[in-house]
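Here is a friendly walk through the pockets, the disulfide and a few selected residues of this protein. Keep the structure open beside the text as you read.

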Amino acid sequence: MQIDPRGPRFAAVLTSLVLAAVLVTGSGALLAAQALVFALGAFAGPKYSPYGRLYLALIRPHLGPPTETEDARPPRFAQAVGLGFAVVGTVGYLSGLTWLGLIATAGALAAAFLNAAFGYCLGCEMYLLLRRAQVRPGVQAG
(Lines give C-alpha, C1' and ligand atoms only; values in the text may rest on other atoms or scores of the structure.)
Protein backbone atom coordinates (compact mmCIF):
# COMPACT_ATOMS: atom_id res chain seq x y z
CA MET A 1 0.00 0.00 0.00
CA GLN A 2 1.24 3.47 -0.87
CA ILE A 3 0.70 6.47 1.41
CA ASP A 4 1.11 10.24 1.35
CA PRO A 5 4.49 10.79 3.10
CA ARG A 6 3.22 14.02 4.64
CA GLY A 7 0.87 12.03 6.89
CA PRO A 8 3.58 10.25 8.90
CA ARG A 9 5.47 13.51 9.26
CA PHE A 10 2.34 15.19 10.64
CA ALA A 11 1.94 12.23 13.00
CA ALA A 12 5.57 12.69 14.09
CA VAL A 13 4.82 16.30 15.06
CA LEU A 14 1.89 15.23 17.23
CA THR A 15 3.90 12.34 18.65
CA SER A 16 6.74 14.70 19.54
CA LEU A 17 4.33 16.99 21.39
CA VAL A 18 2.81 14.09 23.33
CA LEU A 19 6.20 12.60 24.22
CA ALA A 20 7.51 16.00 25.33
CA ALA A 21 4.43 16.32 27.56
CA VAL A 22 5.17 12.87 29.00
CA LEU A 23 8.73 13.94 29.85
CA VAL A 24 7.47 17.11 31.53
CA THR A 25 4.64 15.45 33.47
CA GLY A 26 6.01 11.94 34.02
CA SER A 27 2.57 10.62 33.07
CA GLY A 28 2.60 6.87 32.49
CA ALA A 29 -1.06 7.09 31.47
CA LEU A 30 -0.30 9.59 28.70
CA LEU A 31 2.55 7.40 27.48
CA ALA A 32 0.20 4.40 27.52
CA ALA A 33 -2.20 6.37 25.31
CA GLN A 34 0.66 7.12 22.92
CA ALA A 35 1.53 3.41 22.96
CA LEU A 36 -2.01 2.70 21.77
CA VAL A 37 -1.55 5.21 18.94
CA PHE A 38 1.71 3.46 17.98
CA ALA A 39 -0.02 0.06 18.11
CA LEU A 40 -2.79 1.18 15.77
CA GLY A 41 -0.24 2.64 13.36
CA ALA A 42 1.87 -0.51 13.45
CA PHE A 43 -0.89 -3.08 13.11
CA ALA A 44 -3.62 -1.26 11.14
CA GLY A 45 -1.37 1.09 9.17
CA PRO A 46 -0.63 4.81 9.24
CA LYS A 47 -3.94 5.76 7.59
CA TYR A 48 -5.88 4.11 10.41
CA SER A 49 -3.99 5.47 13.40
CA PRO A 50 -5.64 8.37 15.23
CA TYR A 51 -3.01 10.81 13.96
CA GLY A 52 -3.39 9.49 10.43
CA ARG A 53 -7.14 9.99 10.65
CA LEU A 54 -6.61 13.56 11.85
CA TYR A 55 -4.26 14.20 8.95
CA LEU A 56 -6.76 12.83 6.43
CA ALA A 57 -9.68 14.76 7.92
CA LEU A 58 -8.12 18.10 8.82
CA ILE A 59 -4.87 18.65 6.91
CA ARG A 60 -4.96 16.69 3.65
CA PRO A 61 -8.09 18.43 2.26
CA HIS A 62 -6.17 21.74 2.33
CA LEU A 63 -3.14 20.40 0.47
CA GLY A 64 -2.62 19.49 -3.12
CA PRO A 65 -2.07 15.87 -4.03
CA PRO A 66 1.30 14.46 -2.99
CA THR A 67 4.01 14.69 -5.63
CA GLU A 68 5.10 11.18 -4.63
CA THR A 69 3.90 8.38 -2.41
CA GLU A 70 5.80 5.91 -0.26
CA ASP A 71 5.46 2.32 0.80
CA ALA A 72 3.52 2.02 4.08
CA ARG A 73 5.73 -0.79 5.42
CA PRO A 74 8.65 1.36 6.67
CA PRO A 75 6.37 3.76 8.61
CA ARG A 76 4.47 0.78 10.06
CA PHE A 77 7.78 -0.68 11.23
CA ALA A 78 8.71 2.69 12.73
CA GLN A 79 5.40 2.71 14.62
CA ALA A 80 6.21 -0.78 15.95
CA VAL A 81 9.60 0.45 17.17
CA GLY A 82 7.89 3.42 18.81
CA LEU A 83 5.44 1.01 20.41
CA GLY A 84 8.32 -0.92 21.94
CA PHE A 85 9.82 2.22 23.43
CA ALA A 86 6.42 3.40 24.67
CA VAL A 87 5.62 0.06 26.33
CA VAL A 88 8.99 -0.01 28.10
CA GLY A 89 8.53 3.61 29.16
CA THR A 90 4.99 3.01 30.38
CA VAL A 91 6.14 0.05 32.46
CA GLY A 92 8.92 2.21 33.87
CA TYR A 93 6.64 5.08 34.87
CA LEU A 94 3.85 2.89 36.24
CA SER A 95 6.18 0.62 38.22
CA GLY A 96 8.09 3.46 39.85
CA LEU A 97 11.21 3.04 37.71
CA THR A 98 10.99 6.63 36.56
CA TRP A 99 14.50 6.54 35.10
CA LEU A 100 13.39 3.77 32.71
CA GLY A 101 10.34 5.77 31.69
CA LEU A 102 12.49 8.84 31.07
CA ILE A 103 15.08 7.00 28.98
CA ALA A 104 12.53 5.14 26.85
CA THR A 105 10.42 8.26 26.31
CA ALA A 106 13.47 10.36 25.43
CA GLY A 107 14.56 7.75 22.88
CA ALA A 108 11.13 7.73 21.26
CA LEU A 109 11.03 11.53 21.30
CA ALA A 110 14.43 11.78 19.62
CA ALA A 111 13.25 9.55 16.76
CA ALA A 112 9.89 11.33 16.41
CA PHE A 113 11.57 14.74 16.45
CA LEU A 114 13.99 13.73 13.68
CA ASN A 115 11.01 12.93 11.49
CA ALA A 116 8.96 15.96 12.52
CA ALA A 117 11.73 18.52 12.11
CA PHE A 118 13.88 17.06 9.34
CA GLY A 119 11.78 14.42 7.59
CA TYR A 120 14.23 11.71 8.63
CA CYS A 121 12.37 8.61 9.77
CA LEU A 122 14.84 6.61 11.85
CA GLY A 123 12.53 3.60 12.12
CA CYS A 124 11.97 3.65 8.34
CA GLU A 125 15.71 3.62 7.77
CA MET A 126 16.06 0.71 10.21
CA TYR A 127 13.41 -1.17 8.21
CA LEU A 128 15.27 -0.61 4.96
CA LEU A 129 18.59 -1.69 6.47
CA LEU A 130 17.01 -4.86 7.84
CA ARG A 131 15.44 -5.62 4.46
CA ARG A 132 18.78 -5.19 2.70
CA ALA A 133 20.49 -7.41 5.27
CA GLN A 134 18.10 -10.31 4.71
CA VAL A 135 19.52 -13.21 2.77
CA ARG A 136 17.33 -13.82 -0.27
CA PRO A 137 16.22 -17.40 -1.02
CA GLY A 138 18.61 -18.98 -3.48
CA VAL A 139 21.37 -16.47 -2.71
CA GLN A 140 24.25 -17.63 -0.58
CA ALA A 141 25.73 -15.34 1.99
CA GLY A 142 29.43 -14.91 2.03
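In this predicted model, α6 gives the largest share of the lining of the second largest pocket, three residues. A pocket here is an open set of points, on a 1 Å grid over the protein atoms alone, where a 1.4 Å probe fits, with protein on both sides within 12 Å along at least five of seven lines; lining residues have an atom within 4 Å of a point. Helices (H or I, at least four residues) and strands (E, at least two) are DSSP runs, numbered from the N terminus. At least two lining residues also come from each of α1, β2 (70–71) and α4, as they do from α6. The lining has 14 residues, and E70, N115, G119, C121 and C124 are those nearest the centre of this second largest pocket.

A word on how to read the values: residues are numbered from 1 along each chain as its sequence is written, and side-chain values use heavy atoms, with hydrogens and water left out. Because the model is predicted, local features need pLDDT of at least 70 and side-chain atom pairs count only at pLDDT 80 or more, while totals for chains, interfaces and linings use all residues.

Volume is the space filled by probe spheres set on the points, with grid points joined across faces, edges and corners. For the classes, Ala, Val, Leu, Ile, Met, Phe, Trp, Tyr, Cys and Pro count as nonpolar, Asp, Glu, Lys and Arg as charged, and the others, Gly among them, as polar.

| Pocket | Volume | Lining residues | Lining by class |
|---|---|---|---|
| Largest pocket | about 550 Å³ | 36 residues | 21 nonpolar, twelve polar and three charged residues |
| Second largest pocket | about 220 Å³ | 14 residues | eight nonpolar, two polar and four charged residues |

Which residues lie nearest the centre of the largest pocket? They are P8, P75, A78, Q79 and N115. The elements that give two or more residues to this lining are β1 (2–3), α1 (6–25), α2 (28–43), α3 (50–59), α4 (73–95), α5 (98–118) and α6 (122–133). Among these, α4 supplies the largest share, six residues.

A disulfide (a pair of cysteine sulfur atoms within 2.5 Å) joins C121 to C124, with 2.3 Å from S to S. The structure holds one disulfide. The link of C121 and C124 is right-handed, with 70° about the S-S bond. Are the two cysteines buried or exposed? Both C121 and C124 are buried, where buried means under 20% relative accessible area, exposed over 50% and partly exposed in between (1.4 Å probe, protein chains only).

Now to α1. The expected span of a helix is 1.5 Å times one less than its number of residues. The 20 residues of α1 should therefore span 28 Å, and the end C-alpha atoms of α1 are 29 Å apart, which agrees. The buried residues of α1 are G7, P8, A11, A12, L14, T15, S16, V18, L19 and V22. They pack against β1, α2, α3, β2, α4 and α5, with contact meaning heavy atoms within 4.5 Å. Just after α1, G26 takes a positive phi of about 70°.

P5 sits in the loop between β1 and α1. P5 counts as partly exposed because its relative accessible area is 24%.

S49 belongs to the loop between α2 and α3.

G52, in helix α3, is buried at 7% relative accessible area. G52 and P8 are 44 residues apart along the chain, and their C-alpha atoms are separated by 7.2 Å.

T105 is part of helix α5 and is buried, with a relative accessible area of 1%.
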